[in-house]
Amino acid sequence: TSFPGMRSPQSSLPSSSNASNRVPFTRRRRKTSKIIVEKGVCRVMSSNNSKSLYLKTVDGNENLPISEIGLGTISWGDESYGFNKQYREKDLKETYRKARECGVNFFDTAEVYGYKNTKFEQSSEHILSRCREEEAEDESEVVIGSKVFTIPWTNALLGGGFRLGKESLVLAGKESVKRMNNRPMDLWSIHFPFPSFSQEVLMSALEESLDLGLTKAVGVSNYNKEQLEKAYDILDKRGIPLASNQVEYSILNRKAEKEGLLRSCQDRDVKVVAYSPLKALKTTEIAEKYVIMNKLCDFIGQVNSGGKSSVSVMLNYCVTKGTIPIPGVKKVEQIADIENAMGWTLDEESLLTIDEKMDYLDGL
């Protein structure tokens, strides 16, 4: 089976000669970032903007421009988050339209987001696809990334067979495309590395998804530094760029930075997509000391950043560190803080103040 956008009329199993015929892409370092090494920690400060950010594709002339902040849609179609009670699809469509008005064009989803409503065609992928289709003029500029679950018994959630081997993942990718009205995905990622799949198998699934035209770019999610570098090397040898790695990153969780993952991704021009960038707001789930960071960001926003909210400061912190935050949204009023977080960067003094305060709190 093939889909619109497939690169060439070939069998579903790519031959070794096909892989060798690809033109290897050239590593390019981001020219918009500045690296500061302080106390043994690599600090990435970036002047990201929507014109300079893109996801790499096999054909470098068709790289996908993305906004400096995207939107996460984990709550779309999921009743455990309040879908059909606190908000409905019409509210999500209004949120989508407002996000597009302020320049957001990158939207993240996954096959398991809102999976219980798949039978009603109200999963996250279904809803997001309809949002894009209803956009009259600029829908071609929208970049939607989805992810494939690697747990073998995912069939218990989504149906289908037990997931073992490359073909089971490729089949899952085809189902995602169907849920998005048979339109190829812009980015398709491995949701997380699961022990039942080797990295060779996972990367082969991504390769075949490209050969079948299921997606334009491929990525990974929840990969640590070692896993990221292995995945990158496997694809690099096949002439395939690894576009992104989606990991948790925020003011409160700087593990990706501390362990060198951010720097490793930057060196390979792999975009870091940061989920849970507003973790500091979840004060009922974290230690009381972290409430301090909310107050600090509010102060920095009001005094040093022209009256920005603490939310805007937290998001811009992620942008300034060279990541692409994807805060989860479900209501239109949440978009204002996202809009106010774009188009500027925290000054060096504010950035270091936040880092030093977190270093102190982490040491308590």
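# Inside a predicted model

Biologist: Is phenylalanine 149 buried or exposed?
Modeller: This is a predicted model. Phenylalanine 149 has a relative accessible area of 15%. The cut-off for buried is under 20%. So phenylalanine 149 counts as buried.

Biologist: How many aromatic pairs does a search of the whole structure find?
Modeller: The search covers the whole structure. Its count of aromatic pairs is six.

Biologist: Which residues form one aromatic cluster with Phe149?
Modeller: One member is Phe192, which is buried at 19% relative accessibility. The cluster also takes in a tryptophan and another phenylalanine. With Phe149, the cluster is made by Trp153, Phe192 and Phe194.

Biologist: The charged end of lysine 271 sits over which ring?
Modeller: The charged end is 4.5 Å from the centre of the ring. The ring under lysine 271 belongs to tyrosine 54.

Biologist: And where does the charged end of arginine 268 sit?
Modeller: Here the charged end is 5.7 Å from a ring centre. Arginine 268 sits over the ring of tyrosine 232.

Biologist: What is the order of the strands in the open sheet?
Modeller: The sheet has eight strands, with parallel pairing. Its edge strands are β5 and β12 (323-325), and each pairs on one side only. The order is β5-β6-β7-β8-β9-β10-β11-β12.

Biologist: In β6, what is the bridge partner of leucine 71?
Modeller: β5 and β6 (residues 106-108) are parallel and share two bridges. Leucine 71 has its partner in β6. That partner is phenylalanine 107.

Biologist: Why is strand β10 largely enclosed by the rest of the structure?
Modeller: Strand β10 spans residues 242-248. Four bridges join β9 (residues 215-221) to β10, and five join β10 to β11 (residues 271-275).

Biologist: In β11, what is the bridge partner of asparagine 245?
Modeller: Asparagine 245 is in β10, where it stands opposite valine 220. Its bridge partner in β11 is valine 272.

Biologist: What kind of β-α-β unit do β9, helix α7 and β10 make?
Modeller: Helix α7 covers residues 225-237. The two strands run parallel. The unit is right-handed.

Biologist: Which residues is threonine 73 in contact with, leaving aside its neighbours within four places in sequence?
Modeller: Threonine 73 is in the loop between β5 (71-72) and α2 (89-101). At 0% relative accessibility, threonine 73 is buried. Its contacts are Asp108, Thr109, Tyr113, Ser124 and Leu128.

Biologist: How many disulfides does the count come to?
Modeller: A disulfide needs two cysteine sulfur atoms within 2.5 Å. The count comes to zero.

Biologist: For cysteine 318, which cysteine has the nearest sulfur?
Modeller: Cysteine 318 is buried, with a relative accessible area of 0%. Cysteine 318 is in no disulfide, as the nearest cysteine sulfur is 9.8 Å away. That sulfur belongs to cysteine 297.

How values were computed. Residues are numbered from 1 along each chain as its sequence is written. This is a predicted model: local features need pLDDT of at least 70, side-chain atom pairs count only at pLDDT 80 or more; totals for chains, interfaces and linings use all residues. Side-chain values use heavy atoms; hydrogens and water are left out. Rings of Phe, Tyr and Trp (its six-membered ring) pair if their centres lie within 6.5 Å; planes under 30 degrees apart count as stacked, over 60 as edge-to-face and the rest as tilted. Buried means under 20% relative accessible area, exposed over 50%, partly exposed in between (1.4 Å probe, protein chains only). A charge sits over a ring if NZ of Lys or CZ of Arg is within 6 Å of the ring centre and within 35 degrees of the ring normal. Contact means heavy atoms within 4.5 Å. Two strands pair if DSSP finds at least two bridges between them. A crossover is right-handed if, with the strands pointing away from the viewer, the path from the first strand over the helix to the second runs clockwise.
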